[in-house]
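Here's a quick tour for anyone meeting this structure for the first time. Keep the view open while you read.

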Amino acid sequence: MRELICITCPKGCHLKVDEENDYKVTGNGCPRGAIYGKKECTHPTRVVTSTVKIVGAEIERLSVKTNGDIPKEKIFGVMKELNHVVVKAPVHREDVIVSDICGTGVDLVATKDL
């Protein structure tokens with residue numbers, strides 16, 4: 001039995017996931033908790049938020065995020081790739097900065113206009 005705190009909404013339900021019983025989830029207050037609990041135990045993913053270098057803008061860093069979840073084991077590879085990204089202004093919110101980052105099928109997008 002694995003215990004987790006659900007992060008899909010502000011309630012923070014205390015979940016129990018029975019790994020020996022097809023990852024049955026209890027303690028969830030909504031269906032999203034059951035989905036989160038099973039997914040977290042079988043294939044955990046996260047949205048990555050960070051910054052990249054930008055030239056020609058008022059500031060030197062552009063905030064970015066993945067536009068979907070990526071496998072947890074790929075986070076360090078994504079962060080390493082971000083060290084080499086340089087963007088030229090102007091950039092608009094939701095512009096794709098790196099498509100299919102690290103072969104995840106997920107794009108890295110800008111989170112604001114610069």
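This is a predicted model: local features need pLDDT of at least 70, side-chain atom pairs count only at pLDDT 80 or more; totals for chains, interfaces and linings use all residues.

Where does Pro90 lie? Pro90 sits in the loop between β8 (86-88) and β9 (96-98), with strands being DSSP runs of E of at least two residues, helices DSSP runs of H or I of at least four residues, and both numbered from the N terminus. Residues are numbered from 1 along each chain as its sequence is written, and side-chain values use heavy atoms, with hydrogens and water left out.

**The big picture**

- The protein has two helices and ten strands.
- Going along the sequence, the pattern reads β-β-β-α-β-β-β-β-α-β-β-β.
- The protein is more spread out than a compact globule, because its radius of gyration is 18 Å, well over the 13 Å that the globule rule gives for 114 residues. That radius is taken over C-alpha atoms, and the rule is 2.2 Å times the number of residues to the power 0.38.
- Along the principal axes, the C-alpha atoms fill a box of roughly 55 × 25 × 15 Å.
- Of the 114 residues, 32% count as buried. Here, buried means under 20% relative accessible area, exposed means over 50%, and partly exposed is in between (1.4 Å probe, protein chains only).
- Take the contacts (heavy atoms within 4.5 Å) with a separation of 6 or more: residues 24 or more positions apart account for 43% of them.

**The five-strand sheet**

- An open sheet of five strands runs in the order β8-β5-β6-β10-β9, and its pairing is mixed. Two strands pair if DSSP finds at least two bridges between them.
- β8 and β9 are at the edges with a single partner strand each, so one side of each has no neighbour in the sheet.
- From one strand to the next, the twist averages 45°. For such angles, axes are lines fitted to C-alpha atoms (for helices over the stretch in contact), and the values run from 0 to 180 degrees between N-to-C directions.
- Strand β5 (residues 49-55) pairs with β8 in the parallel sense over three bridges, and Ile54 has Val87 in β8 as its bridge partner.

**Strands β1, β2 and β3**

- β1 (residues 2-5) and β2 pair antiparallel over four bridges, with Leu15 in β2 as the bridge partner of Leu4.
- On its other listed pairing, β2 runs antiparallel to β3 and is joined to it by three bridges. Asp18 stands opposite Lys24 in β3.
- In a regular strand, side chains alternate between the two faces of the sheet. In β2, Leu15 and Val17 make up the covered face, while His14, Lys16 and Asp18 make up the uncovered one.

- Most residues other than glycine have a negative phi, and most peptide bonds are trans.
- Ala89 and Pro90 are joined by a cis peptide bond, with omega at about 5°.
- Asp22 isn't a glycine, yet its phi is positive, at about 55°. Asp22 belongs to the hairpin of β2 and β3, which has five residues between the strands, and Asp22 is exposed, with a relative accessible area of 58%.
- Asp100 also has a positive phi, near 45°. Look for Asp100 in the loop between β9 and β10 (108-110), where Asp100 is partly exposed at 39% relative accessible area.

**A buried threonine**

- A polar atom of the Thr66 side chain lies 2.9 Å from the backbone oxygen of Gly68.
- Leaving out residues up to four places away in sequence, Thr66 touches Arg46, Val47, Val48, Val106, Asp107 and Leu108.

**Cysteines without partners**

- How many disulfides does the structure hold? The number is zero, where a disulfide is a pair of cysteine sulfur atoms within 2.5 Å.
- For Cys9, the nearest cysteine sulfur is that of Cys30, 5.0 Å away.
- For Cys13, the nearest cysteine sulfur is that of Cys9, 5.7 Å away. Cys13 counts as buried, at 14% relative accessibility.

Key: A polar contact is a pair of N or O atoms within 3.5 Å; within protein, one must be able to donate a hydrogen and the other to accept it, and residues adjacent in sequence count only if both atoms are side-chain atoms.
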